[in-house]
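Colleague: Before we go through this model, I would like each label set against the rule behind it. Could you take my questions one at a time?

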Amino acid sequence: MPHQRFDPLAALRTAGAPEFDVFVHGTVFLDIIFAGMSAPTPGTEVWAEGMASCPGGIANLAVAARRLGLRTSLAAAFSDDDYGDFCWRTLEEQEGIDLGHSRRFPDWHSPVTVSMSYGGDRSMVSHGHDAPIPTDRLIGRPPCARAVFVDPSDVARVSGDGSSWIDLARGDGALCFADVGWDPKQEWSSAVLDQLEHCHAFMPNALEAMAYTGTSSVPDALYRIADRVPLAVVTNGAEGAVGIDGTTGEEANVPALRVEGLDPTGSGDVFAAAMVLGTLSGWALADRMAFASLCSALALQQFGGSLAAPGWGDVVDWWHALLVDRSADSYHRSLRRRYAFLEEIAPHVPVTACRRATATIARRADLPS
């Protein structure tokens, strides 16, 4: 039975509304992911329990948003090699992501990342070259969207005269969600925070937040970020997440779920996509962060980067299982209270709602069903 798309923003689909909910741009990698393994050492060979091949990089965020029902458009450069064919086909045909602002280029090979998950974390080896054309030229005029994801370095190039793609997106009413990656030089320049002036939200992890703000605690880092953007959220792994929404005056501290993490690849992107959905839906901050933590936890329990991003079917399956399991301990009672907001949503989600995919570049995936 084919999956049905659940539209969590159906009530907002009015005449003149934005065509897309989320617009993202960046580099799409072919991810080759190994998980359930020990750390390799020079001169040795190790075997992994799980393996997946899937579009990665910015595709992790795009897939996560689309599986949660957000109409998503992606701008990226794709090669015309076999890896590029696979990534394009998977994103457009399997995941239903709009690629109208993406382009394919001959004589430019696809970026590739090998991700190895062990010891509760991951290591990555990547190879690639800059896109053949600059970002503004690739995107042109962006599609009208409710939210866009930007890198702070892109925000630094906002001209203010309406000429950059971010100027145009903001002019159409889009909320800018800022996302940063690992600083390979580990300089953690405070100038990154100076580039958040035009952003609605910034959601770094604890290490990034403390490094960029020059603080030694998560709460202090959160307060520094909240001075810069209306919505500040800091994720802290097994410690959960903390957030402040200056537009509503809300503060929240949401614990992480107790799960056995198999592969953290892409889990941060899942958290970010879920936060966008909750923000666009007008949910309370604690509900947004709880939902994002749940989606991230579901992703952690599967191998495969973007393949592990949950759909609404996975979310509702978890909620129904929680209700059936009437464990009386404090932890499960807390979960039922924390996620009670799902009780109003779950009845509207079709039984055949989107769930995780299992296809990879091979005909069959070495993934749990």
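Colleague: Which residues are buried in helix 11?

Modeller: This is a predicted model, in which local features need pLDDT of at least 70 and side-chain atom pairs count only at pLDDT 80 or more, while totals for chains, interfaces and linings use all residues. Residues are numbered from 1 along each chain as its sequence is written, and side-chain values use heavy atoms, with hydrogens and water left out. In helix 11 the buried residues are Trp-312, Gly-313, Asp-314, Val-315, Val-316, Trp-318, Trp-319 and Leu-322; buried means under 20% relative accessible area, exposed over 50%, and partly exposed in between, with a 1.4 Å probe and protein chains only. Helices are DSSP runs of H or I with at least four residues, strands are runs of E with at least two, and both are numbered from the N terminus. Among the elements that cover these buried residues are helix 9 (267-281), helix 10 and helix 12 (330-338), where contact means heavy atoms within 4.5 Å.

Colleague: How do you know that the span of helix 11 agrees with its 13 residues?

Modeller: The expected span is 1.5 Å times one less than the number of residues, so helix 11 (residues 312-324) should span 18 Å, and its end C-alpha atoms are 18 Å apart, which agrees.

Colleague: What makes Asp-81 a cap of helix 2?

Modeller: A side-chain oxygen of Asp-81 lies 3.3 Å from the backbone nitrogen of Tyr-83, at the N-terminal end of the helix. A polar contact is a pair of N or O atoms within 3.5 Å; within protein, one must be able to donate a hydrogen and the other to accept it, and residues adjacent in sequence count only if both atoms are side-chain atoms. Just after helix 2, Gly-96 takes a positive phi of about 75°.

Colleague: Why is the pair of Trp-188 and Tyr-212 called edge-to-face?

Modeller: Rings of Phe, Tyr and Trp (its six-membered ring) pair if their centres lie within 6.5 Å, and planes under 30 degrees apart count as stacked, over 60 as edge-to-face and the rest as tilted. By this rule there are ten aromatic pairs. Trp-188 and Tyr-212 lie 5.2 Å apart, centre to centre, with 80° between the planes, and form an edge-to-face pair. Trp-188 is in the loop between strand 10 (175-178) and helix 6 (191-194) and Tyr-212 in helix 7 (residues 206-213), so the pair ties together parts 24 residues apart in sequence.

Colleague: Why is the pair of Tyr-339 and Phe-341 tilted?

Modeller: Their ring centres are 6.0 Å apart and their planes stand at 35°, so the pair is tilted.
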